[in-house]
Amino acid sequence: MTSPALTVRTITPDEHLALLRTQRSASFLQTPAWGQVKSEWRRESLGWFDGGRLVGAGLVLYRQLPKVKRYLAYLPEGPVIDWSSEQLGDWLTPMTAHLKRKGAFGVRIGPPVVTRRWSADAVKQGVADEGVTRLGEVPPTERSPQGARVVSQLQELGWRPQAVEGGFAAGQPQFNFQIPLRHRDGEQAGEPRTEDELLKGMNQQWRRNIKKAAKAGVEVSQGAEQDLKAFHDLYVHTAERDHFTPRPLSYFETMFRALNAEEPDRIKLFLGRHEGDLVAATILVRVGGHTWYSYGASSTEKRDVRGSNAVQWAMIQDALAAGADVYDLRGITDTLDPDDSHVGLIQFKVGTGGEAVEYAGEWDLPLRPLLYKAFSLYMARRGR
Amino acid sequence: MSLSLYVDGDRWRAHLDHVRDTRPAIVPVVKGNGYGFGIPRLAGEAARLGLDTVAVGMYEEVGPARGSFPGDVMVLTPWRPFDRAALFAPHVIHTVGRLEDLEALAARTDGPRVVLERMTSMRRHGFSASGLREAGELLAGTPGSPRPERVGVEGVALHLPISSGSHLTEVERLMTDVVAADLPTRRIFVSHLTDAETALLRQRYPDYEFRPRIGTDLWLGERGALRVRATVLDVHPVERGDVFGYRSRTAPKAGHILIVSGGTAHGIGLEAPTGGATLKDRAARVAKGGLDAAGFVRSPYTIGGKLRLFAEPPHMQASMLFLPHGAPVPEVGDEVEVRVRFTATSFDATVIS
């Protein structure tokens, strides 16, 4: 599988990109462009070499410890290496040695590896069952031995799992909701699903809303960079309504420019209009066969024209047409408690007929124990 | 004339029924001296309780268990190729903890049933995390090679240490190793988890079946139903300075020498090192050592509500006690209470009311 003599060194963004292009799936948080979006942190493209051949890559974000020139080396949803390896140490050890030389007091990774999946039906039953309050209490439709193998090896190698809640910016979501765009088993395994099949997988409300939007005359179009302003206005409105802190327009402009420069179809803006009024707007990101719905906004008025369902369906259709494998609706919490406000978000996503997916989560390896401890204390205090 | 275990049968059996009803899917352990009851009796009780599997410690114990239990018998000591007593039969479930042993069992033609043991922090027997993954690969068969379907995998065993802290972190880690091994089983045999821990585990792994292996809490969980008594065989008054015993000791003061049933052959006076390592435990041991130096060792025999002193080290089948002047003196034929460690005592008679 892997030779024990893997080496790690800095590579150029071009080399980094070339490696990503050979991958069917890699997180957009691991693209060189994402490093440009997160411009407040020092960044580095890392390459794994088997002899002279580039076999893995990672985007490292160096987050500085206050007042000290030491860093947490963070590889969000990465690195992009052979996670099926039985010798993960061969991959991770040269990486941590390199990062330590670069001044890291600790490393945080997010193996892009699925550990459990739950079908939409299983999630629905969990919500309906009064005795169940967490997704983990529902028998998973699939428990991935490969994911467990990664977790098991990380434990053997001394890495520490990070709690999903709290901690450094709460990290990336461990639970996500995804719609598989290809058949997974049976005779058609690997074949793309049709639009009809995807619609049939959705619940009645979703299908009805998509139809309703079309009937009401909602038109979905793709926007260019200059349309980001319109998106952002609606997004700020959404943030006020749903009580979250919006990012500035410049953040989206940087993201749009950087990701677009990397690949023509990496980022797309979808705008849903009804009689000229913008009722919903969303951002789609794609790397290889993986497509993400990453930001969304919707108007409070004209909710009955179902603009949100219309833009979602347009994005799903776009992903399907582009030959993607997965349409990813990103994070959900693991609560199935009907009294929890987050359950509404899950129910919206579950209606698409996809599946809840648990990833291995984020893992830390302290390289300088004292500084790492100081950092953990600092974060715990900041988190309060 | 014997060291006897008296059991309040109704109370004892009510406790056994209660454990069976409140702790689902238990596998009773009936190994060793049968917790003082003997393996055949416990196996018979397991049959009465309607359970499908019992666990024994060694292959030598399969026969005695099977004599009064019609179900499966799991052997807890991992199978080794050099175990001459190893028994292969449809009702025997073997424990395996090494890859080479699994390979050897898979090479047999009679389809042995096995439980794969994952080593815990106890570090006694079992596969490491990567060893269990290799076992999983062996059982799945490499592509192109025939699948060794001759081994029936009954489950994975986790034998946790007895500790006051929570086992959950460790069990979660071990369960991840189990999932990673991709085994053809979803059954886990666990020992020494609290009911709350088992319940939480069942909640977090609703797609797995957990079967607690249970011994002490089952058979000895209702101590009030159990009484151990020895018979007073002889009573001799002594004055200060009188000589007695194998070792011709002299009486330190006036009193009585009592000869009671129960000696080293029963396990009386033989002590396994106690598990306790607290300061209090150690202080108690030092105090006992002090008595020992003066020729006074506390015995497990109770007379007049007090634990009495050994007059000299226990004999093979009887013990000599020293009863100081003023203490109530029992008569020959009376029975006196004895405190014993059930797993280290063999009784001459077990009387179940």
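Mentor: We'll take chain B, a cavity, some backbone details and a few helices in turn.

Trainee: Anything to know before we start?
Mentor: This is a predicted model, so local features need pLDDT of at least 70 and side-chain atom pairs count only at pLDDT 80 or more, while totals for chains, interfaces and linings use all residues. Residues are numbered from 1 along each chain as its sequence is written, chains are lettered from A and ligands numbered from 1 in the order written, and side-chain values use heavy atoms, leaving out hydrogens and water.

Trainee: How many helices and strands are there in chain B?
Mentor: Chain B has 9 helices and 18 strands. Helices (H or I, at least four residues) and strands (E, at least two) are DSSP runs, numbered from the N terminus.

Trainee: And what share of chain B counts as buried?
Mentor: Of its 353 residues, 46% count as buried. Buried means under 20% relative accessible area, exposed over 50%, and partly exposed in between, using a 1.4 Å probe and protein chains only.

Trainee: What about contacts in chain B?
Mentor: Taking contacts between residues at least 6 apart in sequence, 65% join residues at least 24 apart. A contact is heavy atoms within 4.5 Å.

Trainee: Which residues are buried in helix 7 of chain B?
Mentor: In that helix, residues 195-204, they are E197(B), T198(B) and L201(B). They sit on the same side of helix 7 of chain B, because they cover an arc of only 100° around the axis. That arc is taken from the directions from the helix axis to the C-beta atoms.

Trainee: What do they pack against?
Mentor: The buried residues of helix 7 pack against helix 6 (168-181) and strand 9 (209-214) of chain B.

Trainee: New topic: how many cavities of 30 Å³ or more are there?
Mentor: There is 1 in the structure, and the largest cavity has a volume of about 50 Å³. A cavity is a set of points on a 1 Å grid over the protein atoms alone where a 1.4 Å probe fits but cannot get out, and lining residues have an atom within 4 Å of a point. Points are joined across faces, edges and corners, and the volume is the space filled by probe spheres set on them.

Trainee: What lines the largest cavity?
Mentor: The lining includes E117(B), R118(B), M119(B) and H159(B). By class, the lining has 2 nonpolar, 3 polar and 4 charged residues.

Trainee: Over to chain A. Where is the cis peptide bond?
Mentor: It joins G78(A) and P79(A), with omega about 0°. P79(A) is in the loop between strand 4 (71-75) and helix 3 (88-101) of chain A.

Trainee: What's up with phi at H243(A)?
Mentor: H243(A) has a positive phi of about 60° although it is not a glycine. H243(A) lies in the loop between helix 8 (228-242) and helix 9 (249-262) of chain A and, at 73% relative accessibility, counts as exposed.

Trainee: And E275(A), buried or exposed?
Mentor: E275(A) is exposed, with a relative accessible area of 66%. E275(A) also has a positive phi, about 45°.

Trainee: Last one: which residues are exposed on helix 4 of chain A?
Mentor: Q125(A) and A128(A) are exposed, on the other side of the helix from its buried residues, which include A120(A) and V123(A).

Terms used: On a 1 Å grid over the protein atoms alone, a cavity is a set of points where a 1.4 Å probe fits but cannot get out, and a pocket is an open set with protein on both sides within 12 Å along at least five of seven lines; lining residues have an atom within 4 Å of a point. Ala, Val, Leu, Ile, Met, Phe, Trp, Tyr, Cys and Pro count as nonpolar, Asp, Glu, Lys and Arg as charged, and the others, Gly among them, as polar.
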